[in-house]
Amino acid sequence: MVEKLYIKGGTPLKGEVSIGGAKNSVLKLIAAALLVKGVTKIYNVPQLTDVDIMLQVIEQLGAKIDYNKEEKSVVIDATTLTSVTATYELVSKMRASFVVLGALFSRCKEAKVAMPGGCAIGERRVDFHIKGLEALGAKIKIENGYVIAKANKITGAEIYLDIPSVGATENIMLAAVLAEGSTRIQNAAQEPEIVDLANFLNTMGADVNGAGTSEIIINGVKQNQLHPIEYTTIPDRIEAGTYMTAIIATRGKGIIKNVYPAHLTFYTDKLLKMGANIKLLDPTSIEVSCKNRLNSINFITQPYPGFPTDLQSMAMVLLTTSNGVGIITESLYENRFMQVPDLNRMGADIHQDRNHAIIKGVKKLSGTTLTASDLRAGAALVVAAMMADGDSVVEKIHHIDRGYENFENKLRLLGGKIERRNEDSQPNLTEGTHNESYL
Ligand code: EPU
């Protein structure tokens, strides 16, 4: 079944949109549930293909899953694990599943997890993950495409990360929960998803301090000190930033609900500098609007709390029609400008030189056939199509389904003219306020 998004651009988005649970948090919480010999319940679980894959990974290890999509909750019974192997077939579908390495190693002192390899946006090595586990006492072998970690004893250690890697910080945190003694991670990632993982672990009885700063200390606890919990995932800051961008790009006005504005400070600051209006309505809602042409800005993507790489493509869409010239420097990934060729086909004026993109603002973009090459580039092309003149079709939308729950339905609730169709099928609008085809 080949699905595509059909979009008629040019309608200002208006209304309210509610943000779901954070993909990049819940995936790690699901892995962390492996640590407890008991039943964990996670709420605010978004319906995403990445979540489905992560659940399959832990099912393969012996965990029992009850995923209630209506309630947006998942119950994980990890009382008994039957395998320590996460296979290539699953890990290759989603590299975030590599985080089961730390959890399995911690619980079983043994883990065999397929090497995730690179992906469309960059090489994405796992050397820091491996060095971290080695420091905790793991003997690591890389054999037949698998990382095999074993230890008789896991011992706390001092670990310095060359780059504040999100995944390495998480894998080391998980691996250190049941270690003997304390582990100190220096130059740790500070993302809100790291804090969420630490809160989850502490709620289940672990002793993790300093998450959200560059130094995290994990005091090892005994297995029997961990207990089952119920936990609610934080809102997805990247999803929130995406709808903020879509509203601003279409010169609309809308309210984003169930968001933690503090998680988006850097992005909000840049949007304000460009001339958008952003108002805090209450601790979990913001109002976003834009009437006039924006002004161009320059920015560099950086680890949190810097400008998030996952919103770089969104900001680029805004710069395509802003007043002046904007320069983006992508400092995290080698290949994260995948949206550029299609934006230029829409009439943008973007020159790419290695990890720099120079964007000269044009008056308008126009719709065409577009291809989602990865999650964030794909979502940015949808937003570009919403603001462009005329019709667009976005192909390969399975990339977008990895990280955006009900994307087209939420955009339609904001008045966007967008629908998902199976190739060869007749227009078939799903739920939304607009109940007839726009074509
Ligand atoms: N890196 C290494 N060696 C390592 C680990 C990382 O060289 O051992 C490099 C990577 O190659 C990359 C940089 O360090 O250039 C940062 O990678 P990091 O480990 O921080 O990223 P990640 O954990 O693989 C998570 C998110 C990404 C997000 C980044 C940065 C998840 C599942 N993924 O990836 O999200 O871009 O942090 O914030 O949490 C997305 O949602 O679209 C996405 C790609």
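The model is predicted. The domain assignment divides the chain into domain 1 (3-20 + 235-422) and domain 2 (23-232). The two domains bury about 1,800 Å² between them, and 23 residues surround the ligand.

**Domain layout and contact**

- Domain 1 is made of two stretches of the chain, 3-20 and 235-422, while domain 2 runs over 23-232.
- Taken over C-alpha atoms, the centres of domain 1 and domain 2 are 30 Å apart.
- Domain 1 brings 25 residues to the contact, and domain 2 brings 22 residues.
- Of the roughly 1,800 Å² buried between domain 1 and domain 2, 48% is on carbon and sulfur atoms.
- Three residues, Tyr-304, Arg-402 and Glu-405, account for 34% of the area that domain 1 buries against domain 2, more than any other three residues.

**Polar and charged features of the interface**

- Three salt bridges cross the interface of domain 1 and domain 2.
- Glu-193 and Arg-237 form a salt bridge, with 2.9 Å between their closest N and O atoms.
- Nine residue pairs are in polar contact between domain 1 and domain 2.
- On the side of domain 1 that touches domain 2, the helices α12 (375-387) and α13 (398-401) each provide at least two residues.
- That side of domain 1 consists of eight nonpolar, seven polar and 10 charged residues.

**Ligand surroundings**

- Among the residues around the ligand, the closest are Lys-28, Asp-127, Ser-165, Asp-310 and Leu-332.
- Ser-165 places a polar side-chain atom 2.6 Å from an oxygen atom of the ligand.

- Pro-305 sits in the loop between β18 (299-300) and α10 (312-320).
- Lys-396 is not a glycine, yet its phi is positive, near 55°.
- The loop that holds Lys-396 lies between β23 (391-395) and α13.
- Asn-406, likewise a residue other than glycine, has a positive phi of about 50°.
- Asn-406 belongs to the loop between α13 and α14 (407-413).

Terms used: Residues numbered from 1 in each chain as written. Predicted model: local features only at pLDDT ≥ 70, side-chain atom pairs only at ≥ 80, totals over all residues. Heavy atoms only, no water. Domains from an automatic or database assignment. Contact = heavy atoms within 4.5 Å. Buried area = accessible area lost by both parts, 1.4 Å probe. Salt bridge = Lys/Arg side-chain N within 4 Å of Asp/Glu carboxyl O. Polar contact = N/O pair within 3.5 Å; in protein donor to acceptor, adjacent residues only side chain to side chain. Helix = DSSP H or I, 4+ residues; strand = E, 2+ residues; numbered from the N terminus. Nonpolar A, V, L, I, M, F, W, Y, C, P; charged D, E, K, R; others polar. Near = heavy atom within 4 Å.
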